[in-house]
Amino acid sequence: MKLNWMPFLALPLLASGLSVAATAPDMQVQARAKVAEFLDWEREVKPSGLYQADLGGALPNIVSPELLCLLNAASKAREIATREAPDEKPPFVEGNPFLPNAWDNLLGSEILSSRVIAGSRDRSEVKVRFTFGEPGTPLDAPSGTYRFVSTYLVKEGPQGARITDIDAGGSCDFCQSGSLRAALYETLTAYPAAGGEQCKGVGK
């Protein structure tokens with residue numbers, strides 16, 4: 001399934017609730033560290049589908065309140081769809097929703113770069129390369145592997161850095177690309193009882 005899902009002045013930083021120490025280099029360190037936390041979480045949980053039991057633990061301190069709300073709403077939508085149409089395959093039931101390819105074996109990941117988004121003083125993007133292949137294949141094997149680069153959007157706030165969105169960056173028939181946040185909102189419109197609309201503005 002393809003989802004078409006510099007240093008700053010102290011006064012503005014204080015007004016926005018950010019620490020004066022959160023200069024651009026600091027923000028990049030924090031953004032990369034937050035994405036590294038997410039990659040550790042993904043390796044530990046190995047999510048397949050969206051299930052509420054997987055969305056606790058460290059995740060609320062890694063992703064934004066809005067994105068966490070959407071993920072929980074997606075889990076509720078899966079439950080609703082299963083009850084309403086038990087003979088049909090519900091959304092969010094299997095496959096890793098965060099990776100470029102939801103199905104293939106992930107060999108490893110590497111943070112490539114990070115930068116402050118132009119025109120923003122609290123938002124960064126972090127690039128991550130994912131390598132896929134058969135289990136046991138060396139990451140640097142000359143053949144038998146393929147790679148995609150995902151983009152993580154990270155926002156600095158009073159509670160620290162949080163991931164607000166992911167573009168998985170996949171490019172194949174069953175790959176995932178585009179905004180995860182937008183894809184969740186779009187799919188959840190079919191399941192209003194799941195509460196996706198209530199996620200808008202959460203944490204702002």
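## Strand pairing in the sheet

In this predicted model, L106 has F132 in β2 as its bridge partner. A second pair linking to β2 is that of R115, whose bridge partner there is E125. In total, 9 bridges join β1 to β2, and the two strands run antiparallel. β1 and β2 form a hairpin with 6 residues between them, and within the turn G119 has a positive phi of about 80°.

β2 also pairs with β3, again in the antiparallel sense, over 11 bridges; within β3, V149 is the residue that stands opposite R129. From β3 the pairing continues to β4, to which it is joined antiparallel by 7 bridges. The hairpin formed by β3 and β4 has 2 residues between the strands, and G157 stands opposite G160 in β4.

## The sheet as a whole

Taken together, these strands make an open sheet of 4 strands in the order β1-β2-β3-β4, with antiparallel pairing. Its edge strands are β1, spanning residues 106–116, and β4, each of which pairs on one side only. From one strand to the next, the twist averages 30°.

How many residues of β2 are buried? The count is 8 of 11, so β2 is largely enclosed by the rest of the structure. Helix α2, made up of residues 24–45, lies across β1, β2, β3 and β4, and runs at about 160° to β1.

## The largest pocket

The largest pocket has a volume of about 480 Å³. It is lined by 21 residues, of which S64, P65, K155, T164 and G203 are the closest to its centre. The elements that contribute two or more residues to this lining are α3 (65–84), β2 (123–133), β3 (145–157) and β4 (160–167), and β3 gives the most, with 5 residues. Three of the sheet strands described above therefore also take part in the lining, as β2, β3 and β4 are among these elements.

Sorted by class, the lining of the largest pocket comprises 6 nonpolar, 7 polar and 8 charged residues. On the idea behind such a search, rolling a probe the size of a water molecule over the atoms shows where empty space is left.

Is S75 buried or exposed? With a relative accessible area of 0%, S75 is buried, because the cut-off for that class is under 20%. When its neighbours within four places in sequence are left aside, S75 is in contact with L50, Y51, Q52 and L55.

C172, by contrast, lies in a loop, namely the one between β4 and α4, the latter covering residues 180–188. Its relative accessible area is 30%, so C172 counts as partly exposed, a class that falls between the buried limit of 20% and the exposed limit of 50%. Although C172 and P100 are 72 residues apart along the chain, their C-alpha atoms are separated by 9.0 Å.

Definitions and conventions
Residues are numbered from 1 along each chain as its sequence is written. This is a predicted model: local features need pLDDT of at least 70, side-chain atom pairs count only at pLDDT 80 or more; totals for chains, interfaces and linings use all residues. Side-chain values use heavy atoms; hydrogens and water are left out. On a 1 Å grid over the protein atoms alone, a cavity is a set of points where a 1.4 Å probe fits but cannot get out, and a pocket is an open set with protein on both sides within 12 Å along at least five of seven lines; lining residues have an atom within 4 Å of a point. Grid points are joined across faces, edges and corners, and a volume is the space filled by probe spheres set on the points. Ala, Val, Leu, Ile, Met, Phe, Trp, Tyr, Cys and Pro count as nonpolar, Asp, Glu, Lys and Arg as charged, and the others, Gly among them, as polar. Buried means under 20% relative accessible area, exposed over 50%, partly exposed in between (1.4 Å probe, protein chains only). Two strands pair if DSSP finds at least two bridges between them. Axes are lines fitted to C-alpha atoms, for helices over the stretch in contact, and angles run from 0 to 180 degrees between N-to-C directions. Contact means heavy atoms within 4.5 Å.
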